[in-house]
Amino acid sequence: MTTKKAANVGKDCVACGNCVKYCPLDAIMIYRGLYAKVDKDICKSCQKCVKACPADVIEMRTEAIVV
């Protein structure tokens, strides 16, 4: 099994947009103005979004990927 680390946004996201601003790969978007959503195929786990989040709701998770 192959695994990949990627950002995961928690349910308490306030949709401030800081993570979108600091993501160098444009892997994050604000969905319907309500919360941030990460494209896990693009995310390279640089953790810039984690450091930029004022609500402290973004974490890195290791997930299994299907090859």
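Figure 1. Buried means under 20% relative accessible area, exposed means over 50%, and partly exposed is in between (1.4 Å probe, protein chains only). In soluble globular proteins, nonpolar side chains tend to be buried together.

Figure 2. Contact means heavy atoms within 4.5 Å.

Figure 3. Asn8 sits in strand E1 (residues 2-9), while Glu59 belongs to strand E4. Are they buried or partly exposed? Asn8 counts as buried because its relative accessible area is 16%, whereas Glu59, at 38%, is partly exposed. Leaving out residues up to four places away in sequence, Asn8 touches Lys40, Val57, Ile58, Glu59 and Arg61. With its neighbours within four places set aside, Glu59 is in contact with Ala6, Ala7, Asn8 and Val50. For a sense of scale, the C-alpha atoms of Glu59 and Ala36 are separated by 12 Å, and these residues are 23 apart along the chain.

**Figure 4. The largest cavity.** By the rule used here, the count is two cavities of 30 Å³ or more. The largest has a volume of about 90 Å³. Of its 13 lining residues, Cys23, Cys43, Lys44, Ser45 and Cys46 are the closest to its centre. What classes make up the lining? Nine residues are nonpolar, two polar and two charged. Ala, Val, Leu, Ile, Met, Phe, Trp, Tyr, Cys and Pro count as nonpolar, Asp, Glu, Lys and Arg as charged, and the others, Gly among them, as polar. On a 1 Å grid over the protein atoms alone, a cavity is a set of points where a 1.4 Å probe fits but cannot get out, and lining residues have an atom within 4 Å of a point. Grid points are joined across faces, edges and corners, and a volume is the space filled by probe spheres set on the points.

**Figure 5. The second largest cavity.** This one holds about 70 Å³ of space. It is lined by 15 residues, and Cys13, Cys16, Cys19, Cys53 and Ile58 lie nearest its centre. The lining divides into 13 nonpolar residues, two polar and no charged.

Figure 6. Cys46 is in the loop between E3 and helix H2 (48-52), and Lys51 is in helix H2 itself. Cys46 is partly exposed, at 41% relative accessibility, but Lys51 is exposed, at 71%. Cys46 and Ala7 are 39 residues apart in sequence, yet 8.8 Å apart in space, C-alpha to C-alpha. Lys51 and Cys19 are 32 residues apart along the chain, with their C-alpha atoms separated by 8.5 Å.

Figure 7. Most residues other than glycine have a negative phi, and most peptide bonds are trans. Ala15 has a positive phi of about 55° although it isn't a glycine. Asp26 isn't a glycine either, and has a positive phi of about 55°. Ala15 lies in the loop between E1 and H1, and Asp26 in the loop between H1 and strand E2 (28-31). Ala15 is buried, at 19% relative accessibility, whereas Asp26 is exposed, at 62%.

**Figure 8. Confidence along the chain.** The protein's mean pLDDT is 94, and 100% of its residues reach 70 or more. pLDDT is the predictor's confidence in each residue, from 0 to 100. Confidence is lowest in strand E4 (residues 58-65), at a mean of 90, and highest in helix H1 (residues 18-22), at 98.

**Notes on all views.** Residues are numbered from 1 along each chain as its sequence is written, and side-chain values use heavy atoms, with hydrogens and water left out. As this is a predicted model, local features need pLDDT of at least 70 and side-chain atom pairs count only at pLDDT 80 or more, while totals for chains, interfaces and linings use all residues.

Note on methods
On a 1 Å grid over the protein atoms alone, a cavity is a set of points where a 1.4 Å probe fits but cannot get out, and a pocket is an open set with protein on both sides within 12 Å along at least five of seven lines; lining residues have an atom within 4 Å of a point. Helices (H or I, at least four residues) and strands (E, at least two) are DSSP runs, numbered from the N terminus.
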